[in-house]
Amino acid sequence: MNRYKNINRRKSNRIYIGNIAIGNNAPISIQSMTNTHTEDINKTIEQIISLKRVGADIVRVSIPTLEAVAAFSVIKKSVDVPLIADIHFDYRLAIKSIKNGADCLRINPGNIGNKKRISEIINHAKDKNIPIRIGVNSGSLERDILKKYKFPTPDALVESAIRHVEFLDTLNFSQFKVSIKTSDVFSTIKANQILSKKITQPIHIGITEAGGIRNGTVKSSIGIATLLSEGIGDTLRISLAADPVEEVKVGYDILKTLGIRKRGINFIACPTCSRQEFDVIDVVKRLEKKLEDISISMDVSIIGCIVNGIGEAKIASLGIAGNSKKSALYKDGVRQKNKIDNKDIVDELEIQIRKKVALLEKLSNDA
Ligand code: SF4
């Protein structure tokens with residue numbers, strides 16, 4: 001059943017970061033960024049693998065030093081997810097990152113300095129045929145623009161972005177995407193709405209420095225979902241002061257909620273009340289953790305009693321309707337003869353979900 005409204009995506013050019021297509025109707029990709037010291041090669045690789053496990057399409061790695069560029073070269077050879085090198089201030093680090101295998105660069109031309117240096121970076125990007133992201137942030141606007149607008153307003157941010165876009169045009173370079181981010185949700189929305197009408201490149205969206213898990217998730221969801229539902233945004237990053245794995249999970253939850261892209265188990269769970277026949281919150285928490293490796297999408301309802309349990313279970317792939325001591329299990333809307341002991345719900349549901357995933361994977365491989 002399609003419960004979602006259709007969203008008309010804004011048309012844009014397409015670029016590729018490694019094997020991931022961005023723009024021109026490609027699936028909206030989810031990025032995150034490592035927060036290890038890049039020089040700590042093992043920890044950085046470990047974190048990239050954890051990010052990939054929960055579905056990160058692309059991972060960004062910051063390159064603040066020459067040691068980080070050297071580490072990047074080793075890291076790149078050890079992982080199979082496309083990597084973006086994040087560069088600020090030093091154009092030489094950008095060039096070395098390109099030489100060390102970056103699939104894309106993220107630069108803020110405003111802090112790279114003069115046009116000659118930016119041109120050098122672009123020449124190397126052309127040589128290796130890799131794209132770049134022009135990232136404009138409210139915290140690092142060019143002085144003259146800030147002076148003109150007095151404040152990093154949406155128009156000021158767009159003017160900065162367009163200045164960079166026009167400069168790249170003069171260099172005959174079109175393989176780039178653009179982002180405008182602020183920590184203010186409405187400024188970010190407004191700036192991206194204006195930008196989306198002025199450029200043909202893909203747009204990377206996000207609310208920068210959004211905060212901790214709860215606050216950051218709420219801000220990001222409001223900002224990103226507003227833009228996505230207007231068709232704006234080709235790739236996204238949730239910025240949380242938290243384990244970056246959470247960023248990827250929140251990103252998927254936003255895309256799942258909007259019906260744009262699905263991944264993993266979509267739990268439909270009740271908030272619980274005194275009618276609950278088993279500990280719904282604990283069951284959901286444990287299953288979320290156990291099943292985060294699953295990429296195939298599936299609705300699973302876990303409802304504490306029969307008030308809503310039967311109705312939800314009937315429209316989910318798998319569902320539990322809580323009942324005294326033993327609860328009813330539904331598969332594809334059909335109630336199963338054998339009830340599940342309430343203390344076995346987590347184990348039994350995991351078995352059932354994995355069985356169903358294996359079957360769906362086989363069907364899609366055979367197709
Ligand atoms: Fe309470 Fe049942 Fe509603 Fe869950 S479904 S909140 S247990 S009444």
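Helices and strands here are DSSP runs, numbered from the N terminus. The model is predicted. The protein is divided into domain 1 (15-257) and domain 2 (265-366). A ligand is also present, with a shell of residues that includes Cys 270 and Asn 308.

**Domains**
- The centres of domain 1 and domain 2, taken over C-alpha atoms, are separated by 37 Å.
- Contact between them involves four residues of domain 1 and four residues of domain 2.
- An unreviewed UniProt entry annotates residues 13-252 as "domain: IspG TIM-barrel".

**Ala 26**
- Ala 26 sits in the loop between strand 2 (20-22) and strand 3 (29-33).
- Its relative accessible area is 2%, so Ala 26 counts as buried; the cut-off is under 20%.
- Leaving out residues up to four places away in sequence, Ala 26 touches Arg 9, Arg 14 and Ala 21.
- Arg 14 is twelve residues from Ala 26 along the chain, and their C-alpha atoms are 8.0 Å apart.

**Ser 160**
- Ser 160 belongs to helix 7 (residues 154-170).
- With a relative accessible area of 1%, Ser 160 is buried.
- Beyond its neighbours within four places in sequence, Ser 160 contacts Val 136, Leu 141, Glu 142 and Ile 145.

**Helix 11**
- Helix 11 spans residues 280-290. Its buried residues include Val 280, Val 283, Val 284 and Leu 287.
- These residues cover an arc of only 95 degrees around the axis, so they lie on the same side of helix 11.
- An α-helix has 3.6 residues a turn, so residues three or four places apart point the same way.
- Lys 285 and Lys 289 are exposed, on the face of helix 11 turned away from its buried side.

**Ligand shell**
- Cys 270, Thr 272, Cys 273, Arg 275 and Gln 276 are among the residues surrounding the ligand.
- Ile 303, Gly 304, Cys 305 and Asn 308 also belong to the surroundings of the ligand.
- By class, the shell holds four nonpolar residues, four polar residues and one charged residue.

Methods:
Residues are numbered from 1 along each chain as its sequence is written. This is a predicted model: local features need pLDDT of at least 70, side-chain atom pairs count only at pLDDT 80 or more; totals for chains, interfaces and linings use all residues. Side-chain values use heavy atoms; hydrogens and water are left out. A residue is near a molecule or strand if one of its heavy atoms lies within 4 Å of it. Ala, Val, Leu, Ile, Met, Phe, Trp, Tyr, Cys and Pro count as nonpolar, Asp, Glu, Lys and Arg as charged, and the others, Gly among them, as polar. UniProt positions are given in the numbering used here, feature names are shortened, and annotations may be inferred rather than shown by experiment. Helices (H or I, at least four residues) and strands (E, at least two) are DSSP runs, numbered from the N terminus. Buried means under 20% relative accessible area, exposed over 50%, partly exposed in between (1.4 Å probe, protein chains only). Contact means heavy atoms within 4.5 Å. The arc is that of the directions from the helix axis to the C-beta atoms. Domain bounds come from an automatic or database domain assignment.
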